[in-house]
Amino acid sequence: MTAVPGVIVHRDADLLAQAVSARLITRLVDTQAARGSAHLVLTGGTVGIATLAALAATAAHDAIDWRALDIWWGDERFLPTGHPERNETGARQALLDHVDVDPERVHAMPGPDSGMTAEEAAEAYAVELAKAARPEDHGPVPSFDVLLLGMGPDGHVASLFPDKPAVYEEERSVVAVHGSPKPPPTRLSLTFPALRAARETWVVVAGEDKAQAVHLALSDAGPFQVPAAGARGRQRTLFLLDRAAAAKIPPGLGRIASP
């Protein structure tokens, strides 16, 4: 697990989304050139979806071999397929419907229209992850090449909320989350063991309402109280911020990318 996250600060949320999309193209192209395929974990939220829209809007996205990309989600609202509040729906509208993905490599989390309970859906997704893991991954999930995470004002990532049962899960890779502080109350989420499998973790955050949580996530806060403090990649961790979200980080910690 990387000890010290890198911090890069962009001028505003729009520029942040564009910069993350450009960084993502480079990372995926390099990974596919080295290994032939790549695993990407998507997030929802305003900045997460804006990043995907920025990716769709640039001609450079054609450099990615979309047919050789496995796409996963870090969490999902337990709502029917196509529901406007699902992270999958936002990702499809912003990007996936506009590129030549292999449908069998787009791994959406099941909703209630699958006929499964939330617990059964979590188990089914865990099985799907396990099937995609290779011997060199040394675990029940693939070694994700890039894990995108947003962060809430309370420091939550995926649907791992402070001091809720899911943050203490150390065995299962996917869990059902009930009683979420944010609606809807029922969700599916990767757990810390699954998140820690990522080679690179990028926490993408915009807005002054997130500044205190960013400060805590980059300090000595514990991951049970501030889950973003536990969001660390095996090889690299980046906090990609706009100026507002970076307002409370210690001076000199972040590299200013755009004046």
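The structure is a predicted model, in which local features need pLDDT of at least 70 and side-chain atom pairs count only at pLDDT 80 or more, while totals for chains, interfaces and linings use all residues. Residues are numbered from 1 along each chain as its sequence is written, and side-chain values use heavy atoms, with hydrogens and water left out.

The largest nonpolar core contains 79 residues. A nonpolar core is a set of buried Ala, Val, Leu, Ile, Met, Phe, Trp, Tyr and Cys residues joined through side-chain atoms within 4.5 Å; buried means under 20% relative accessible area, exposed over 50%, and partly exposed in between, for a 1.4 Å probe and protein chains only. Helix H4 (residues 118–132) supplies the largest share of this core, six residues. Helices (H or I, at least four residues) and strands (E, at least two) are DSSP runs, numbered from the N terminus. Leu148, Leu190 and Trp202 have the most contacts inside the core. With neighbours within four places in sequence set aside, the residues in contact (heavy atoms within 4.5 Å) with Trp202 include Val20, Leu24, Val146, Leu148 and Leu238.

Strand E1 (residues 6–10) is mostly covered, with four of its five residues buried. E1 pairs with strand E9 (residues 236–242) in the parallel sense over five bridges; two strands pair if DSSP finds at least two bridges between them. Val7 has Phe239 in E9 as its bridge partner, and His10 has Asp242 in E9. The bridge partner of Thr201 is Thr237 in E9. Six of the seven residues of E9 are buried, so E9 is largely enclosed by the rest of the structure.

A three-stranded open sheet has the order E4-E7-E6, with antiparallel pairing. Its edge strands are E4 (75–77) and E6 (174–177), each of which pairs on one side only. Neighbouring strands of this sheet are turned by 15 degrees against each other on average, direction ignored. Three bridges link E4 to strand E7 (residues 187–190) in the antiparallel sense, and Arg77 stands opposite Arg187 in E7. Helix H4 lies across E6 and E7 and runs at about 160 degrees to E6. Axes are lines fitted to C-alpha atoms, for helices over the stretch in contact, and angles run from 0 to 180 degrees between N-to-C directions.

The axes of helix H1 (residues 13–35) and helix H2 (residues 45–57) come within 8 Å and cross at roughly 60 degrees. H1 and H2 are therefore oblique to each other; angles under 35 degrees count as roughly parallel, over 145 as roughly antiparallel, 65 to 115 as roughly perpendicular and the rest as oblique. The crossing of H1 past H2 is right-handed, that is, the near helix is turned clockwise from the far one by less than a right angle. Among the residues that meet are Leu16, Val20 and Leu24 in H1, and Val47, Ala50 and Leu55 in H2. Arg35 also belongs to H1 and is partly exposed, with a relative accessible area of 40%.
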